[in-house]
Amino acid sequence: MAELSVSRVVQHLIDNDPSIQDALARGYGNYSAIARLLKPKVEEIYEREVGLAGLITAVKRARVSYTPKTEYQRIVAESRINLRTDVAKISIEKTRRTLEKARLVSADFPEAFFQVLEGATTLTLITDERIFDEVRSIFKEEEILAEKRNLAALIVQSPRGIVDTPGCIVAFYNPISRAHINIEETASCFTETVIVLRMEDAAKAFSILTDLIFRMRKNLKKSDDPSKKEIC
């Protein structure tokens, strides 16, 4: 297979991977590491082994046009974070009975932190730990699939623009994931993004998102000054 064809495949893979585009655009991507990362995908396409040296050359020649949208940056920069500790969750089988019970019990605690996540076959209720036992008691033991305490919730409040702007929510998830912090549950409610994680990870995750917002604000200020403009 001609090198040009391999280059086109590599270019296509890079064009569809924003994280690699970002690494190349900002200069911290290692060509050899990126080539090794892409190698299995390229070989899957060609159904044969492809030399690493040729892939490294293709990565070096790849065109990168990755530029984050200003609106995306602005929404993240204008977001605010609240941390809610002492949270618990319970997952139950979704039936007509449990769905009705979940909706009714949420109305019984208007002042408490209460989220109901509805899937195809299950319901997950995320609540303040102080009311957890009371919430749990309304369901039968055989309806309960799993439960977990000692959790925390990061609540990110963003401008209305987050509803129509792609990439904002992923911007909050990615740095948490890169820090090897497990996201137990997550929900998006209009302009609020709720991220549930273990209590022991809460402080670190809060610091990560605070730093993200600070960097976005800093980059926006630089973008307003042409003499200090840089890609974030």
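This report describes the sheet, a pair of helices and a few individual residues in a predicted model.

## The sheet as a whole

Strands of a sheet pair through backbone hydrogen bonds, and the pairing may be either parallel or antiparallel. In this model six strands form an open sheet, arranged in the order β2-β3-β1-β4-β6-β5, and the pairing is antiparallel. The edges of this sheet are formed by β2 (114-118) and β5, each of which pairs on one side only. From one strand to the next, the twist averages 25°.

## Strand β6 and its neighbours

Strand β6 covers residues 192-198, and because five of its seven residues are buried, this strand is largely enclosed by the rest of the structure. In the order of the sheet, β6 stands between β4 and β5, and its pairing with each of them can be described in turn.

With strand β4 (residues 144-157), β6 pairs in the antiparallel sense over seven bridges, and Leu-154 has Ile-195 in β6 as its bridge partner. With strand β5 (residues 185-189), β6 also runs antiparallel, and here five bridges join the two strands; in this pairing Ser-188 has Thr-193 in β6 as its bridge partner. The strands β5 and β6 form a hairpin with two residues between them, and in this hairpin Phe-190 takes a positive phi near 55°.

## Two helices that cross

Two packed helices are described by the angle between their axes and the distance between the axes. For helix α3 (residues 31-46) and helix α4 (residues 52-61), the axes come within 9 Å and cross at roughly 115°. This angle means that α3 is roughly perpendicular to α4, and the crossing of the two helices is right-handed.

The loop between α3 and α4 contains Gly-51, a residue that counts as partly exposed because its relative accessibility is 46%. Although Gly-51 and Ile-90 are 39 residues apart in sequence, their C-alpha atoms are 50 Å apart in space.

Tyr-46 belongs to helix α3, which spans residues 31-46.

Methods:
Residues are numbered from 1 along each chain as its sequence is written. This is a predicted model: local features need pLDDT of at least 70, side-chain atom pairs count only at pLDDT 80 or more; totals for chains, interfaces and linings use all residues. Side-chain values use heavy atoms; hydrogens and water are left out. Buried means under 20% relative accessible area, exposed over 50%, partly exposed in between (1.4 Å probe, protein chains only). Helices (H or I, at least four residues) and strands (E, at least two) are DSSP runs, numbered from the N terminus. Two strands pair if DSSP finds at least two bridges between them. Axes are lines fitted to C-alpha atoms, for helices over the stretch in contact, and angles run from 0 to 180 degrees between N-to-C directions. Angles under 35 degrees count as roughly parallel, over 145 as roughly antiparallel, 65 to 115 as roughly perpendicular and the rest as oblique. A crossing is left-handed if the near helix is turned anticlockwise from the far one by less than a right angle, and right-handed if clockwise.
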